[in-house]
Amino acid sequence: MKKMFKDKNYAAEDVKELIKSTYYTQRKDINKGTSILKLCQEWPFLFHKTGMAEHIQQLTGINLMEAFFTNLDKKGERILNFLKTVLAQKENQVLESLLKLANEKGRSSGCTEMILLLLAFFGEKEEHMFHYVEKTSLAEEVEMEDVPATPCLIVCGMSEPSLQSS
């Protein structure tokens, strides 16, 4: 699997089958507290869309992408409205930043708004959730020692941080 990932020579269906067949060993490594960096090296597909989705399918029996988009469509607007209302009282700068983000992108992204609002609602720092790299960076060019030890999203080409007031 490591060679397939490195060579970028794989089909999604092959990855799914390999994730299924090695699931026990993956869980064993995760449950014993293996570092994220080591997991990235040993199980690179766990940090790739296809591999992660299949691992979650095996763990929970839920199709991650299908469930996410179905629930975002059903509940997303209501959650966004709630968070905006609550946060308007707590942190006006968050709403200003969201408007700025929407203007920069030309339109507002419900998913982006949701993540930013949830971070603000729970008092989390954006720098713990996002690691910013150049727009043209490839996955293998990301300096892993600069990435936080906690799970995070690597964002290509956005200025950081969007939640801070300008």
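1. Rings of Phe, Tyr and Trp (its six-membered ring) count as a pair if their centres lie within 6.5 Å; planes under 30 degrees apart are called stacked, over 60 edge-to-face and the rest tilted. By this criterion, ring pairs link Phe5, Tyr10 and Phe45 into a cluster.

2. The model is predicted: local features need pLDDT of at least 70, side-chain atom pairs count only at pLDDT 80 or more, and totals for chains, interfaces and linings use all residues. Residues are numbered from 1 along each chain as its sequence is written, and side-chain values use heavy atoms, with hydrogens and water left out.

3. The structure holds 3 aromatic pairs. One of them, Phe5 with Phe45, is edge-to-face, at 5.1 Å centre to centre and 90° between the planes. This pair links distant parts of the chain, 40 residues apart: Phe5 lies in helix H1 (residues 2-7), and Phe45 in the loop between helix H4 (36-42) and helix H5 (49-60). Helices (H or I, at least four residues) are DSSP runs, numbered from the N terminus.

4. Phe45 is buried, with a relative accessible area of 0%, whereas Phe5 is partly exposed at 28%. Buried means under 20% relative accessible area, exposed over 50%, and partly exposed in between (1.4 Å probe, protein chains only).

5. There are 6 salt bridges, each a side-chain nitrogen of Lys or Arg within 4 Å of a carboxyl oxygen of Asp or Glu. Among them, Glu42 pairs with Lys2, the closest N and O atoms being 3.1 Å apart. Glu42 in helix H4 and Lys2 in helix H1 are 40 residues apart, so this bridge also links distant parts of the chain.

Technical notes
Helix = DSSP H or I, 4+ residues; strand = E, 2+ residues; numbered from the N terminus.
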